[in-house]
Each structure stands twice: as structure tokens, then as C-alpha cells.
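Please keep the sequence and the model in view while reading.

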Amino acid sequence: MSFFRPRLIETLRDYDRGQFLADLSAGVTVGVLALPLAMAFAIASGMSPSAGIWTAIVAGFLISALGGSRVQIGGPTGAFIPIVYGIVAAHGEANLLVATMLAGLFLFALGAARLGTLIRFIPLPVVIGFTNGIALVIFLSQIKDFLGLAIEKVPAEFFGKMHALATALPTIHWPTLTFGLASLAFLLTWNRYAKRNAWLGRIPGPLAVLIVATAVNMLFSLPLETIGTRFGGIPQMIPRPSFPAFDLTKLGQLLPPAIAIALLGAIESLLSARVADSMIDDRHDPNQELMAQGIANVVAPLFGGFAATGAIARTATNVRAGGRSPVAGMVHSLTLLAIVLVLAPLAAHVPLTTLAAIVLVTAINMGDWHEMSIAALRRFSTKYRVILITTFTLTVLFDLTIAVEVGMVLASLAFIYQMARFTHVDRLPLERRPDAARFLRPDGTLRVAAYRISGALFFGAIHKLDELLDTQDWPDVVVLDLGKLVSIDASGLDTLRAIARELGKRGIPLVLAELNREIFRTLRKAGFLDEIGRGNVRRTFEDALAHAATLQRREPEISYT
């Protein structure tokens, strides 16, 4: 397929040993970083840690091998936690896998239809609002495991979740909280000093805290809940591919969550690819990227995986570690596979409170909190603030789909209002011209009325044309100067047709002047120019006035339909 062209094909043309060694080193680095994140994100999503690992292995390999970015690293991400957790709570794990596959089909269709660039049209306040909202929801989702609260199942819905957490607060398990705080302090300290120390910087903070916490727990047999006590560990084998159980009667219920997965996956993957482009001075193919994301989300559930997308933090780590081709991402997946096949038994001793600490730090880092500070919000317009805060609030209180829908509606209304402000319909004072006599009746009233329409004549601004018909003294001829009209939509065209029809009832000719090529083509294709008469379409405004001066009001014998 000519439209399906992974970046891997292009990069392998000039591939050499030096680049392979760089990609190999970067892939191993990202692979060991992905291990704790994949397990933590899966557990926070209500899935098993092995589901997260196999998502990173299968989806990560396919996203790199088939994607449109040189350095994109795919897998489970923190942004999916609220959506996945809600789907699991409402529909179960099997239906989550089906919803993920449906989302994959949507993503592939978007890419195949060459609609990848449309994702960039989502306004910035909507993106910041739902990103920060997701970050807060992720943070709240980790309180149970971080504090060791005695809650069998945390509700997915915000108010139910807060009630459950508040009710269970007296059941704090102090050894769990103490170990979680120690893990959090260790991770923050490691990340701080890793920026200054090259040796520490070679080991990602999440991996460092995972190793230390697991070793301490194994040595002292601490009274902590672990992957082993909750999930029975991680199977030391490759799962056999199988299609998830599918109930056709629930297809309609799974479409909204599938669309949410596809929407968030598209947004996050293309944002990640754009960040990577700025780091390596490259340009990704958004359509190819979406098709790869789609294939990955269809195949990963066959191995027990779930929703995957491009991961900004792991992609950035890949670039900083020297990765410059999709080979690095493929090595990252193979590294995870090797770890599972060799070290899976050790995962049973990983404390869940340590994984919660890793996710807490991820949630804090993923939010653009400075953009929601009072000082930052003051720099922007009221419309910007309303859109951002509304999207953030709806993401936290309800879900991402509602938040994005309402945010986009608010942003669209704000844009329509702003565009309508730039549309003007001005009456041109012909009575002040030196040659005003030819446009006046003997009694001094206007025989020819002229108006200039500027801006965009669209559904949000057509009310401004009411002035043309809001008169008691009808002229004999109406001239419209369209030289500053930049666009017209179907509503604008329909309004012009209604004006011509109303004038026609009174025998008043309508003359148009200075149509640009696009406006002329639109009106001609719609048949409007023939309706008013081609002779009443003039190249210049002065020519239109001269022509109007020769016209007389007549009996309404022409029907404008």
C-alpha cells in the first residue's frame, strides 16, 4: 500500500553499525525504564501488571516498527488510567480488550483517511485542561495503595471515589504509608541528583526505586501488599494469542469508551511525536503514526494487553540516550521480553506502595500546573480561562469524553463569536460623494443604496445583514461591495439569496461588485449569479455604481428562487 509507509523503511537505507549500537543502548535503557512504569500503570488502571508489560512489549514493538516517527516509544501511559479503570469497573476486563481493539480500528481509519493533522486543531486550553484533569485523577487513584487503605474496590466515579477514600481513611496501614513515603523520597532525591551526576543519570529513577524497594522487602519480609500477594506474580512465559470474549449486545455500550481511547491515544501519540521532532530536528508522519497506533491497539489485546499510545517521557528518554531510529523502540520491547522471561519471579516481591509512589510522581510531572496558576491565567482572556477550567473540572468530576466535547463546543463558540466580531456590514454614504446627484431622487432620498461587507459571511454573522432589509425608505437599486469578503458559507449564501428574493418582490435590482475568485466561484456554482443576472455582477465598485445609476426600479416580475 503506497499510503502505508513506516519510517523504519526510510531509516534502514543508510543504517550502519554505529547507529545500531546507539539504538541498542537507548533501547535497553528505555526498556528497563518501561518495566516499572508498565506495571504501575496497569495496576492503577485496574489491570494485572503482566497486562501492562505485554502492552509495552507487543504494542511498543509495533508502534516503533510501523509508525511515522523515528524515535516514538509506545506502551501504556498514565493518561489512560482514568479511562481504562472506568471501563474495567463498568464493563469488565474482557470488554476493555474489545473496546481497545475497536479504538485501534478507529485510529487506523483516521490515519488511512489522512486525518492525522486534524488532531492539531484541538485548542490549547482544552489540551491543558484535560491533561491536568487526568493528572489529578491519576493522583487520586493511587491514594488507596499508597496509604494501604482497606478498600476492596475503589469506585471509578469521582464522588463515589472520594466518599470511599474518606470513609476508609481510619484504616491507614502505617507500615505501607511509611514505606511509600520512603519510596517517594528516594525517587524524588534520585531524580534530583541524577540531573547532576552522569552515573546516576544512567539509571532511571523508577527503576532505581523499584530495585531498592524490592530488595529491602525481600530481605526483611515487610508486612506490605505486593504484586505476588494481590496478583500471584507475573507468568514467566509468552501468552498464547487469543481473541477476547465478545458480546454483540454490548457493542453499543463499548463504542463511547472506544472513541475515548482512540481520541486520547491520537492526541497523546501525536503530541509525543511533535515533542520528539523538536528534539531531533525531524518531522513525523501523523497519518502513518495513527495507523501504527491502530494496529498496535488491535494486536496487543490478543496477548492480554490493553490501550497503548506514544509515551512522551519514554520517547524523550530514548532521544537523550542516543536513539535515532525505530530500531531503538523495537529493542526496548525485546528488552522487556527478556526481563519477563528471566526475572519474572522477582516481580512477586515488588511493593504496591512503591509502584503507587512512581505513579504519583508521574502524575505530578505530567500536569502543566503552572498554566493553571492565578498569575498565568491572568495573562489570558476570560474565554481562555473558562475553557481551560471547565475542561479540567469536567475531566476530574466526570470523564475525558464529556470534558473534551464540552471544551471543544466552548472553544468553537468562542471562535465563532470572535470571527463574527470581524464581520462588518457598513452602509456607504453615497450622498457625500461629489457625484451624489446621480444616486438621489428629486426629494433627496437615496435612489441607490450601497453597502460594504467585510470579513466572513458565515452562520455566526449573518444577522448583521438584517440592516439591509431594516428600512422604511426602499431604494431603487442596492449595491453590495464584496471586495473585503474573504469567505462565505452555505448560511451566508442562503441569506444573500433571501435578501435578493425580498428585494425582487419590490422590483429592486441587486448589484454585486469586486468579488474575489473564491467568492465568485462559490456564488456561480450555487447559481446565484444567474439568479440576479450576470449583468449585475461588476468587476469594480465604481463600475457597479455606474451600472446602478442606469437601472430603474421596476415591477416585481423577476422571481429569485
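A residue is called buried when its relative accessible area is under 20%, exposed when that area is over 50%, and partly exposed in between, using a 1.4 Å probe and protein chains only. The model is predicted, so local features need pLDDT of at least 70 and side-chain atom pairs count only at pLDDT 80 or more, while totals for chains, interfaces and linings use all residues. Residues are numbered from 1 along each chain as its sequence is written, and side-chain values use heavy atoms, with hydrogens and water left out.

Consider the charged side chains to begin with. Side chains of opposite charge can pair when their charged atoms come close. A salt bridge is defined here as a side-chain nitrogen of Lys or Arg within 4 Å of a carboxyl oxygen of Asp or Glu. By this criterion, a search of the whole structure finds 19 salt bridges.

Arg433 takes part in the pairs described next. Its salt bridge with Asp435 has closest N and O atoms 3.0 Å apart. Asp435 is partly exposed, at 25% relative accessibility, and Arg433 is likewise partly exposed, at 22%. Glu542 also forms a salt bridge with Arg433, again with closest N and O atoms 3.0 Å apart. Because Glu542 lies in helix H25 (residues 541-550) and Arg433 in the loop between strand E3 (424-428) and strand E4 (448-457), this pair ties together parts that are 109 residues apart in sequence. Helices (H or I, at least four residues) and strands (E, at least two) are DSSP runs, numbered from the N terminus. Glu542 is partly exposed, with a relative accessible area of 42%.

Another salt bridge joins Arg452 and Asp481, whose closest N and O atoms are 3.0 Å apart. Arg452 belongs to strand E4 and Asp481 to strand E5 (residues 477-488), so the pair links parts that are 29 residues apart in sequence. Arg452 is partly exposed at 26% relative accessibility, whereas Asp481 is buried, at 4%. Elsewhere, Arg7, Glu10, Arg70 and Asp282 are linked in a network of salt bridges.

The nonpolar interior remains. A nonpolar core is a set of buried Ala, Val, Leu, Ile, Met, Phe, Trp, Tyr and Cys residues joined through side-chain atoms within 4.5 Å. The largest such core has 96 residues, and those with the most contacts inside it are Met47, Phe130, Ile261, Phe306 and Leu355. Helix H2 (residues 17-44) supplies the largest share of this core, twelve residues. A second, separate core of 28 residues includes Val478, Leu485, Ile499 and Leu523.
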